[in-house]
Amino acid sequence: MQTHKKGWSLKRPNTCQFELTFRCGLHCKHCYTDCYNRPAYFAKELTTKQIKLILDKIYDSGVIWICFTGGDPFIRKDFLKIYKYAKKKGFLVSIFTSGYSITEEIIRDLKKSPPFVIELTLNSVTKDLYERISQVRGSFRKAMQAIEMIVDAKIPLKIKTQVTNDNLKELNAIKSFAKDKKINFVPDYYLYPRLDGDSAPCALRITPKEIIKLGVKLPLDCLTRFRKKNNHLFRCAVDSGDGFNVDPYGNIFPCLAIREPKFSLFKYSIASAMGKTAFFLRNSLFKDNSKCKICKDKQSCYWCPGKAYLEKGQMGVPIEYYCELTKELTGLVGERINDREEGQLLLASVM
Ligand code: SF4
Ligand code: SF4
């Protein structure tokens with residue numbers, strides 16, 4: 001926390017999430033980046049030299065924590081070169097992976113200079129279901145081998161599960177698997193359309209009632225929700241300046257769900273690209289007639305403009321799934337519109 005505060009006081013970012021590639025050995029049914037896991041996109045991805053150049057810029061901007069994600073970063077033949085370069089510069093490195101492309105050679109090198117953590121997605125502990133979700137034969141054995149190698153090498157590991165209507169019944173078994181191996185476990189209950197707008201993953205959502213049964217509570221109000229004016233679309237901390245995202249083509253963009261406007265790091269400095277995305281985020285306002293703007297339950301809702309943009313193509317509109325979930329969470333019936341605001345809305349509509 002102290003380091004974060006120091007970065008804030010110097011107006012320097014602390015974190016960067018760097019998508020090294022959209023390639024992955026798996027094609028999970030729910031994956032939001034799988035639409036770009038196609039040969040046509042691979043050639044556009046950054047070269048080793050370009051990645052090193054961007055890592056230099058990221059380091060100079062003040063970032064301490066870097067997360068290599070994808071796709072699966074381990075699928076890159078040059079992953080170890082990139083990793084060693086980042087470690088030598090002094091970054092604390094986290095890696096998000098499916099585990100499919102982890103090799104003995106990679107583990108040998110990571111053991112010598114371990115990452116802060118590897119976060120590995122494991123969506124089933126039974127072969128048939130795992131491979132039905134990953135859509136790749138032989139992938140279960142590889143995931144299990146990867147977990148074993150990481151544990152044996154004593155590299156910090158976290159297991160994540162994307163809960164869908166395919167694996168909901170197996171959630172407890174995955175939890176027990178992680179517990180038996182003394183591995184931290186984190187489930188994720190929310191699904192989004194793919195980055196190209198394909199909404200197929202949404203059909204795999206578990207129902208709001210099922211989410212409640214899993215013990216999900218009302219979202220925690222973060223300070224930014226109070227700090228921001230009522231008509232600001234972005235209530236999360238994405239515009240705080242604490243961090244930024246880089247895509248596999250070398251662009252900084254507003255948030256994981258919103259990829260435009262984007263700013264190439266071959267053209268802009270990190271400070272200027274961050275300034276431009278912050279300008280976009282801070283100046284994105286609700287339209288007067290937005291239901292979410294006047295919704296009395298918005299503090300209790302997991303809706304956000306990024307999710308709305310991916311699912312509806314517009315940032316300020318409600319998503320029925322989240323309305324339903326909020327209704328379940330608050331025990332209220334339907335959306336409750338504050339009388340005063342409703343009055344103003346009616347007035348505005350006749351003016
Ligand atoms: S996806 Fe939603 S919560 Fe996440 S950064 Fe974007 S707007 Fe904020
Ligand atoms: S409950 Fe529905 S209308 Fe209200 S903020 Fe959430 S998505 Fe918007």
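How do α6 and α7 lie relative to each other, roughly parallel or roughly perpendicular? Before the close-ups, some ground rules: this is a predicted model, where local features need pLDDT of at least 70 and side-chain atom pairs count only at pLDDT 80 or more, while totals for chains, interfaces and linings use all residues. Residues are numbered from 1 along each chain as its sequence is written, chains are lettered from A and ligands numbered from 1 in the order in which they are written, and side-chain values use heavy atoms, with hydrogens and water left out.

**View 1. Helices α6 and α7 meet.** The axes of α6 and α7 cross at roughly 105 degrees and come within 8 Å. (Helices are DSSP runs of H or I with at least four residues, strands are runs of E with at least two, and both are numbered from the N terminus; axes are lines fitted to C-alpha atoms, for helices over the stretch in contact, and angles run from 0 to 180 degrees between N-to-C directions.) So α6 and α7 are roughly perpendicular; angles of 65 to 115 degrees get that name, under 35 is roughly parallel, over 145 is roughly antiparallel, and the rest are oblique. Lys127, Tyr130, Glu131 and Ser134 of α6 touch Ser139, Phe140, Arg141 and Ala143 of α7, where contact means heavy atoms within 4.5 Å. That contact divides into 3 nonpolar, 2 polar and 3 charged residues. (Ala, Val, Leu, Ile, Met, Phe, Trp, Tyr, Cys and Pro count as nonpolar, Asp, Glu, Lys and Arg as charged, and the others, Gly among them, as polar.)

**View 2. Helices α4 and α5 pack together.** Here α4 (residues 79–89) and α5 (residues 104–112) have axes 11 Å apart, at an angle of about 10 degrees. They are therefore roughly parallel to each other. On the α4 side the contact uses Phe79, Leu80, Tyr83 and Lys84, and on the α5 side Glu105, Ile106, Asp109 and Leu110. Sorted by class, that gives 5 nonpolar, no polar and 3 charged residues.

View 3. Most residues other than glycine have a negative phi, and most peptide bonds are trans. Glutamine 135, though, has a positive phi, near 60 degrees, and sits in the loop between α6 (127–134) and α7 (139–152). Lysine 154 also has a phi near 60 degrees; look for lysine 154 in the loop between α7 and β5 (157–162). A cis peptide bond links glycine 70 to glycine 71, with omega about 20 degrees, and glycine 71 belongs to the loop between β2 (65–69) and α4. Another cis bond joins glutamate 260 and proline 261, with omega about -5 degrees.

**View 4. What surrounds the two ligands.** Ligand 1 has Phe234, Cys236, Val238, Cys255, Cys304 and Gly306 around it, each with a heavy atom within 4 Å. This shell around ligand 1 has 5 nonpolar, 1 polar and no charged residues. Around ligand 2 you'll find Cys292, Cys295, Lys298, Cys301, Trp303, Pro318, Ile319, Cys323 and Thr326. The ligand 2 shell splits into 7 nonpolar, 1 polar and 1 charged.

**View 5. Histidine 232 and its partners.** You'll spot histidine 232 in the loop between α10 (223–227) and β7 (243–246). Its C-alpha atom is separated by 8.7 Å from that of leucine 281, although histidine 232 and leucine 281 are 49 residues apart along the chain. Leaving aside neighbours within four places in sequence, histidine 232 contacts Arg282, Ser284, Leu285 and Phe286.
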